[in-house]
Amino acid sequence: KKKAREGCSLQDPSWEERLANAVTPLWRLPYQEQLQVKYESQRKILQTLASRLEELGVDAQKPGGLCCPLQPVVPSPIINGYRNKSTFSVNRGPDGNPKTVGLYVGTGKARNIISVKANHLENIPPKHKQVAQCYEEFICHSPLDSCILFHEGGHWRELVVRTTSRGHTMAIVTFHPQELGQEALATQKALLKEFFTCGPGAVCALTSLYFQESTMTRCSHEQSPYQLLHGEPHIFEELLGLKFRISPDAFFQVNTAGAEVLYEAVGRLCQTAGDTVLLDICCGTGTIGLSLAHQVSKVIGVEVVEKAIEDARWNAVFNGISNCEFHSGKAEAVLPQLLASWEDARPLVAVVNPSRAGLHYRVVRAIRNCRSIRRLLYISCKPEGEATRNFLELCCPPDPQKKLTGEPFAPVLAIPFDLFPHTVHCELVLLFTR
């Protein structure tokens, strides 16, 4: 890291510095300055949202031209090495090694992608870097090529490393089978297992080693099952006094300590009473709903990843929580059906925590048209993207053409949480009421 900081001029940055600039563009700034940069970016997002709402005929201008008051960015309790999940790619490195395990610099469009080792990045913990280095050592000694372009052949692909504060480490190796038969595949899996259990990779002390044969860029467990080669099928994390089981592809906030701060604030903002029903949409392994279950009468979680729902149900039982139910399926399929027949007289509060793609239109419509939902918390990791469309759909005047007949919501408070120090990203929590 020192070399990256001091040994490179800005005119001729090293590959390490280029990677740091791409992945952690704020790495040179003191942390307080990073928070100020993020505050300004969130302020601009809320200004833009206010203008867009004005165009729709919604009086949304508040002091400073914002659509609602913006609180200061809540800092992360951990600034360096906070990531509990890292995804490493295999590609040609700066030295020409086609089996370099790292992160990309460049773009496919420009055909200048280089894989640069991530040893100097401040947001990735040492354990992740160690597993990546061992994986590179393994594939460099393998007679099989790395799979850089699917149509050109090759086999060794991505590595995902997941860790927890309890000392658990899960590694997931993605492999393109190409034309290999079952016997040849079994040989590669045996060699990989031997390396990480008896060979040089044993230093990583993996608690779980998974292998996935994938012919696509990304594969779900249903499309191509994760094959456990060694260890336990799950890793476990503790959050807000609860224990959570995590499957290979289950969503869990990437910054555990930051997630605790975020979920505590969500609990306060929900303003739930003892008879409240909490709707947890895109619930992952159930972290939000389960952490708030003690202050509501019932939690209903919805999540598309089936294994994550299995985790959520296990987490509820293990933690002795009996007032939660979890539904597996796409939110746009499950939620409209769930809310269309809603006749429960209890207050209903919704929390949504979607991916960067935001919520499907049918999910927004179901929320908007359910009269029982008077309070909504939207947690967005990319509020300037598709989430903006969701905000407009929630707050616009009734539109029979779009079947948005319910009373509009209004944004009343925004709080950014820095779950990603050194990057430009943060989680924005927007509170909507009606």
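The legends below describe close-up views of a predicted model.

**View 1. The annotated position Cys381 and its place in the fold.** UniProt, in an unreviewed entry, places the feature "active site" at Cys381; UniProt positions follow the numbering used here, feature names are shortened, and annotations may be inferred rather than shown by experiment. Cys381 lies in the loop between strand S14 (373–380) and helix H11 (386–395). Helices (H or I, at least four residues) and strands (E, at least two) are DSSP runs numbered from the N terminus.

**View 2. The surroundings of Cys381.** With a relative accessible area of 18%, Cys381 is buried (under 20% relative accessible area, 1.4 Å probe, protein chains only). Leaving aside residues up to four places away in sequence, Cys381 touches Pro354, Ser355, Arg356, Cys426 and Glu427, a contact being heavy atoms within 4.5 Å.

View 3. The chain is divided into domain 1 (85–238) and domain 2 (255–433), with bounds from an automatic or database domain assignment. Their C-alpha centres lie 33 Å apart. In contact are 8 residues of domain 1 and 8 residues of domain 2. About 560 Å² is buried between the domains, 58% of it from carbon and sulfur atoms; buried area is the accessible area (1.4 Å probe) that two parts lose on being put together, summed over both. The count of salt bridges between domain 1 and domain 2 is 0 (a side-chain nitrogen of Lys or Arg within 4 Å of a carboxyl oxygen of Asp or Glu).

**Notes.** Residues are numbered from 1 along each chain as its sequence is written, and side-chain values use heavy atoms, without hydrogens and water. In this predicted model, local features need pLDDT of at least 70 and side-chain atom pairs count only at pLDDT 80 or more, whereas totals for chains, interfaces and linings use all residues.

Methods. Buried means under 20% relative accessible area, exposed over 50%, partly exposed in between (1.4 Å probe, protein chains only).
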